[in-house]
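Look at the sequence and the model together.

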Amino acid sequence: TNQQRTWTQELRWQSNDPSSRWTWTVGAFWSLSKEVSIEELKDTQIVALWDTLFGINPDDFYGAFYSCNGVGARDPSLPAIPNCDIYYNANRTHDRQIAGFGEVSYAFNDQWKLTLGGRYSRNSFDLWHSGDGYENFGPDGPITARQRENSFTPKLSVAYQATPEHLYYSTYSKGFRP
């Protein structure tokens, strides 16, 4: 079972006078992604299967920590495998990003234009994990992890409009991927 939901919003303001030598854009960006992933393998006959294939109870191999529907574990005080899951892996993650950006251009004349811009973002990621079952060698977790990072991505561009059909430009920019 996999489920992902993403919300994204961007607000942008920009100049609206095309005859001005100065043009600009500023804005803000926000994004949140949530993902839930569950992997399950069920086998109500795991004890009989192991006995047939290997001549051994899975608890003797894995270390007696479960029972499946009340069968399998030698120690009745041990927890039962929910729904006879022989493999269970659950993850929940969140990706968050918030950013501000801006760009300003100046046209020196009808041919030459200079553009400067940049974007600053804050990014965070968190994970919650839990696993269980014979094929996971028993319960693990919950395990959590977090990461945060910031980035600045600049931009510089020079453009020369030689003719209405021919534009020459050079751009320096930096990319970033969280």
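Val 104 sits in strand β3, residues 85-107. Strands (E, at least two residues) and helices (H or I, at least four) are DSSP runs, numbered from the N terminus. This is a predicted model: local features need pLDDT of at least 70, side-chain atom pairs count only at pLDDT 80 or more, and totals for chains, interfaces and linings use all residues. Residues are numbered from 1 along each chain as its sequence is written, and side-chain values use heavy atoms, leaving out hydrogens and water.

Now follow the pairing. Two strands pair if DSSP finds at least two bridges between them. β2 and β3 run antiparallel, joined by 21 bridges. Here Glu 40 has Tyr 88 in β3 as its bridge partner. β1 and β2 also run antiparallel, with 13 bridges. Gln 9 stands opposite Trp 30 in β2.

Next, the core. A nonpolar core is a set of buried Ala, Val, Leu, Ile, Met, Phe, Trp, Tyr and Cys residues joined through side-chain atoms within 4.5 Å. Buried means under 20% relative accessible area, exposed over 50%, partly exposed in between (1.4 Å probe, protein chains only). The largest core has 5 residues: Ile 46, Val 47, Trp 50, Ile 86 and Tyr 134. Helix α1 (residues 46-54) gives the largest share of this core, 3 residues.

Return to Val 104. Val 104 counts as partly exposed because its relative accessibility is 32%.
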